[in-house]
Amino acid sequence: MKILVVGHGGREHAIVRRLSLDSPAPEIHAAPGNPGIAELATVHDIAVTDHQGIIALARDLAIDLVVIGPEAPLVNGLADDLTAAGITVFGPSQAAAQLEGSKDFAKSVMHRAGVPTSRSVTVTKLQDVEAALDAMNPSGRVPYVVKDDGLAAGKGVVVSIFKEDALDHAEAALSAPGGRVVIEEFLDGPELSVFCISDGTTVRALAPAQDFKRAFNFDQGPNTGGMGAYSPLPWIETESVLEEVVRTVAQPTVDAMREDGTPFVGILYCGLSRTKQGLRVIEFNARFGDPETQVVLERLASPFAPLLLAAAKGELDQAEPLRWHNHAAVTVVLASEGYPKSARKGDVIGGIEKAEEFGAHIIHAGTALNPRGELVSDGGRVLSVVAVGESLEDARSRAQMAISHITLPGSHFRTDIAQRAAAGEVEA
């Protein structure tokens with residue numbers, strides 16, 4: 001099988017790495033890829049925005065399956081263009097990708113499908129913001145939640161106990177042409193991420209993970225695209241929770257999308273909160289999440305490429321059952337100086353070989369090669385260090401030891417990823 005993976009980040013590197021572990025392994029290509037992906041696949045210098053270039057490449061290589069990694073090309077209709085060209089693709093259509101492209105759209109689908117989620121109101125005028133904040137948080141004793149309606153790379157959300165922060169974020173979002181914000185009630189309880197693979201009809205849930213959005217230890221600092229993740233979650237009963245997610249969240253959503261004439265084929269990312277009232281959806285994404293992909297795919301024991309192909313061809317019900325390794329997996333993200341507000345680029349990265357001596361492997365998220373052939377930073381989240389162990393504590397210790405040996409001027413990483421879960425302090 002020949003597979004083309006579209007994208008250049010950590011998620012795509014993790015997908016390529018897991019595909020390479022299939023037996024037999026497929027022939028893997030990537031566009032545009034990154035230096036880490038280039039060690040496992042043939043990379044092609046074609047941007048994710050160049051739809052015709054990707055189609056031509058897929059045809060020239062006689063690609064059997066295109067896997068679209070990032071959200072932007074999905075929302076911009078790359079899957080539609082590939083399908084129209086007769087190329088098999090894993091990833092939702094432009095219309096179906098609106099589950100991530102518009103939080104207002106996602107909320108409307110959830111409400112129609114009876115999916116448990118938070119109360120919310122969509123606001124388009126600045127003068128309506130404060131009333132909406134008060135309606136969603138009348139006591140003012142819990143955080144205010146304001147989300148940009150469109151794509152924001154995981155950073156378009158403010159969760160703050162200060163109303164001024166919420167007002168400022170809403171004002172910034174609404175000042176843009178066509179700006180809208182979704183103001184929600186705050187959901188208490190620990191969060192979890194569940195990837196559900198769908199062929200438009202059948203749904204299967206992958207192993208759950210928990211990620212860490214705040215930039216600094218103890219969930220301090222601004223929201224990011226994700227600073228680390230772990231799997232499994234010792235504070236839930238995995239099988240029963242996954243059954244509940246499919247029954248109450250994923251399957252009703254997929255059914256509603258199909259009934260609307262926009263079948264969802266690909267990964268439905270369910271960001272969930274386990275509240276005192278039960279599971280509630282925080283958000284949907286239309287692709288694998290980053291950095292959760294790194295730990296979920298690290299634990300996948302059954303073949304990966306046939307699973308993706310079966311979903312793309314509408315044959316997910318015929319795919320073999322999912323199997324999982326018993327080990328725990330932890331990933332810790334190394335971020336560049338200034339992230340998430342800014343991203344310093346061009347600094348030389350060192351110590352990767354030393355880090356790998358601790359049994360970890362390194363996923364490239366924002367890297368490049370300079371004219372001298374040195375590996376340098378090229379984004380906000382630069383690397384993701386992934387380690388496994390018989391326990392969460394073992395895995396997180398390996399990850400922390402490994403990342404401490406990587407050098408990048410001004411970089412930062414969290415040292416508390418999976419710490420509370422490993423100590424049994426996360427309550428279900």
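Predicted model: local features only at pLDDT ≥ 70, side-chain atom pairs only at ≥ 80, totals over all residues.
**Group meeting: rings, a strand and a helix**

Residues are numbered from 1 along each chain as its sequence is written, and side-chain values use heavy atoms, with hydrogens and water left out.

Rings to begin. The whole structure holds 4 aromatic pairs. Rings of Phe, Tyr and Trp (its six-membered ring) pair if their centres lie within 6.5 Å; planes under 30 degrees apart are stacked, over 60 edge-to-face, the rest tilted. Phenylalanine 212 and tyrosine 230 have ring centres 6.1 Å apart and planes at 45 degrees, so this pair is tilted. Phenylalanine 212 sits in the loop between strand S12 (210-211) and strand S13 (214-216), and tyrosine 230 in strand S15 (residues 228-231), so the pair ties together parts 18 residues apart in sequence. Helices (H or I, at least four residues) and strands (E, at least two) are DSSP runs, numbered from the N terminus. Ring pairs also link Phe195, Tyr269, Phe288 and Phe304 into a cluster.

Next, strand S1, residues 2-7. Of its 6 residues, 5 are buried. S1 runs parallel to strand S2 (residues 27-32), with 6 bridges; strands pair if DSSP finds at least two bridges between them. Lysine 2 has glutamate 27 as its bridge partner in S2. Between S1 and S2 the chain passes through helix H1 (residues 10-20), and this β-α-β crossover is right-handed. That means clockwise from the first strand over the helix to the second, with the strands pointing away from the viewer. S1 is also parallel to strand S4 (residues 65-68), through 4 bridges. There, isoleucine 3 is partnered with leucine 65.

Now a lysine. Lysine 107 belongs to helix H6 (residues 103-113). Is lysine 107 buried or exposed? Its relative accessibility is 4%, so lysine 107 counts as buried. Leaving aside residues up to four places away in sequence, lysine 107 contacts Thr117, Ser118, Ser120 and Glu184, where contact means heavy atoms within 4.5 Å.

Last, helix H11, residues 305-312. Here 6 of the 8 residues are buried, so H11 is largely enclosed by the rest of the structure. Among them are Leu307, Leu308 and Leu309. What covers the buried residues includes S1, H1 and S4. After H11 comes glycine 314, with a positive phi near 75 degrees.

How values were computed:
Buried < 20%, exposed > 50% of the residue type's maximum accessible area, 1.4 Å probe, protein only.
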